[in-house]
Amino acid sequence: MEEQTTVLVVDDEKVIRDGCTLLLQPEGYLVATAASGREALDLMGAQPVNVVLCDLKMPGMGALEVLEDAGSLFPDVPIIIITGHGKVADAVECMKKGAYDFVTKPFRVDHLTLAIKRALEKQRLERETKRLQEEAARNLYTLAMEQSRMHTIVNCMADGVLVTNRNLEVVLCNPTFMQLLGLSGPLPQPGPLPAYLNEQSFLDAIGELCDKAESEPAKCLSQEICRGRVHLRAMSAPFFGPDEKMLGTVTVFHDITAFKELDAMKNEFVHMVSHELRSPMTAIKLQHEVILDGLAGEVTNKQRELLSRAQGKIQGLIELINESLDIAKIEAGYRQLELLPLQMGEVLREVVELLRVKAEDQKVTLNLSIPPDLPPVRADRRSMEEVFINLVSNAINYSPDGGAVAISGFSHGEYVEVRVADTGIGIEPEEIPKIFDKFYRVKHPRTRQIIGTGLGLALVKGIVDAHRGTVEVESQLGVGSTFRVFLPR
Amino acid sequence: MSAKYVLIVDDDPDLVETVSMILESKGYEVGKAYDGIEGEEAIKQRRPDVLVLDVMMPRKNGYQLCKELKADPATKGIPVVLLTAVGEAVPTTTYSHAEGMAVEAEDFIPKPVDAATLVEAVERLL
């Protein structure tokens, strides 16, 4: 409901006050009256007044004085001067002092209401203008603050930031970006992207983001960029205006050089150590063989037994060396995977054949069941052999005498699953997340005799990951473990 | 018929010693050399029926010696078994697998090797 408008009538003559009240009330106005300028100002201070009708000549405080005081105290309340005939010059003087209008006595009701309406309209417009001005000032302030804050955040970031518009021109980049790319400014802004980062794969990726941003759900592209000795991980994403139109792209560059160097050092180290260990190991192994073959004289049974055990230990060390080399190879990306259509049935039959003697020695049965129509997977044959030799020989090692290892294959649409299930000792639930870690070995009194490197499962995971597959394990203590390898077709 | 002569070149004296014991036990005559240069001289003195050659050696490595032998018509016919501890797929600057393949050795055995494999490789080349 609209608030009622209050009109204050100020006149020393009661007749005028009452007259105005009688005229205005039927028009829907609330009417307040004051007999003097002083009284009027007090009243305005005490209650809301929208418009004032003020007699020009009053004893004591006249309209001019009221205008002066009200103008500074209530600047947005319009004052209309009531003036007697022939005093127009004075009224004009009042207008100069800030009165909004004047009506001459004797006045007609329509003149009076018209003047009031216009005054109120002016008041309304003034108030609206003021409100808009304040709002604009507030928005500008917020915007400036937001801008300054963003600017500071972007410039303080330890990661490089690069923003392009949709024409692939750079519109913003931060000092870290310039530093990471070894650029010395100033470069033109907006400037062509290749002037900042001339890397084809990056240009292609950003171009693709721009092309597809509006047709496909927004995505974040991640890629590694190598500039000299600096390795960067670049995360790029498009950004949109309020109308869903793509406006440009933002890329954040994270410096991963230290990680890369550390990784390369680690691989180099593993490689060197492996090599330096492998050579003497060859000599030791052959020396043992020579003695065991009796080439260095008679060997007693006790000596033969001790040497055979030493041979077993040496074999274990050699496997450790080979596996750590393999891991280093896979992690360094040196190992080339030849992804060809591969029948897992064939691979698994070979693996089972290879491990049959070992299984018989440990009184474990191997059961292979592969459906004849199992579709081929895209995989590297040697790597797959390695994966399943590891999984099956683990299953044999951790099975008790008389245990059984079941190797089976299943087809799930885009994936082929190979399952290696044993009836072994099982794995403690808290050990499960760690078993694929390098050098992790389950500690268990019953596994103490099992020779292993702790690298087998890490290698399995490395290879399966490199094939974009997954490996999962389920285990129940005392019942057995099942390893599931999922490989894409 | 006199015994076949096998020359073993490796910078690890223990390995040379052991391999020669193994080969001698099979009735071969064995010559020993401890790096590429010594191997080269030993070949000049007596042409081996098979050369067992280590890859990583000081002074002159196995790849280099093998390449030179295969480039010389006089020694081209000597069958070579390369012994290597270099991981097959890890590229290192000096001893890459690709280079190993390029030197045209008749056989390529990764270390650690066992006696049976070594004897078998030598027998195959005679």
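Predicted model: local features only at pLDDT ≥ 70, side-chain atom pairs only at ≥ 80, totals over all residues.
Mentor: Residues are numbered from 1 along each chain as its sequence is written, and chains are lettered from A and ligands numbered from 1 in the order in which they are written.

Trainee: Happy with that. How many helices and strands does chain A have?

Mentor: Chain A has 13 helices and 18 strands, and chain B has 5 helices and 5 strands. Helices (H or I, at least four residues) and strands (E, at least two) are DSSP runs, numbered from the N terminus. Read from the N terminus, chain B goes β-α-β-α-β-α-β-α-β-α.

Trainee: Why is Lys363(A) called exposed?

Mentor: A residue is buried if 20 or more other C-beta atoms lie within 10 Å of its own, exposed if 12 or fewer, and partly exposed in between, with C-beta atoms placed from the backbone. Lys363(A) has 12 other C-beta atoms within 10 Å, so it is exposed. This lysine sits in the loop between α11 (344–361) and β13 (365–369) of chain A, and its phi is positive, about 55°, although it is not a glycine.

Trainee: And what makes Arg59(B) partly exposed?

Mentor: Arg59(B) has 14 C-beta neighbours inside 10 Å, so it counts as partly exposed. Arg59(B) also has a positive phi, near 65°, without being a glycine, and its loop runs between β3 (50–54) and α3 (62–71) of chain B.

Trainee: What makes β4(B) largely enclosed?

Mentor: In β4(B), 5 of the 5 residues are buried, so the strand is largely enclosed by the rest of the structure. Val80(B), Leu82(B) and Thr84(B) on one side and Val81(B) and Leu83(B) on the other are all buried, covering both faces. Over the whole of chain B, 40% of the 126 residues count as buried; for chain A it is 29% of 489 residues.

Trainee: How do you know that β4(B) pairs with β3(B)?

Mentor: Two strands pair if DSSP finds at least two bridges between them. β3(B) and β4(B) share 4 bridges, in the parallel sense. In one of them Asp54(B) has Leu83(B) of β4(B) as its partner.

Trainee: Which residues have the most contacts inside the largest nonpolar core?

Mentor: They are Val6(B), Val19(B), Val52(B), Leu53(B), Cys66(B) and Val81(B), in a core of 37 residues. A nonpolar core is a set of buried Ala, Val, Leu, Ile, Met, Phe, Trp, Tyr and Cys residues joined through C-beta atoms within 7 Å. Among the elements that each supply at least two residues are α9 (257–292) of chain A and α1 (13–25) of chain B, and α1(B) gives the largest share, 5 residues.

Trainee: What is Val19(B) in contact with, beyond its neighbours within four places in sequence?

Mentor: Val19(B) is in contact with Leu286(A), Ile8(B), Val52(B) and Leu118(B). Two residues are in contact if their C-beta atoms, placed from the backbone, lie within 7 Å.

Trainee: At what angle do α11(A) and α12(A) pack?

Mentor: The angle is about 35°, with the axes 9 Å apart. Axes are lines fitted to C-alpha atoms, for helices over the stretch in contact, and angles run from 0 to 180 degrees between N-to-C directions.

Trainee: How are the residues of that helix contact classed?

Mentor: There are 11 nonpolar, 1 polar and 4 charged residues. Here Ala, Val, Leu, Ile, Met, Phe, Trp, Tyr, Cys and Pro count as nonpolar, Asp, Glu, Lys and Arg as charged, and the others, Gly among them, as polar.
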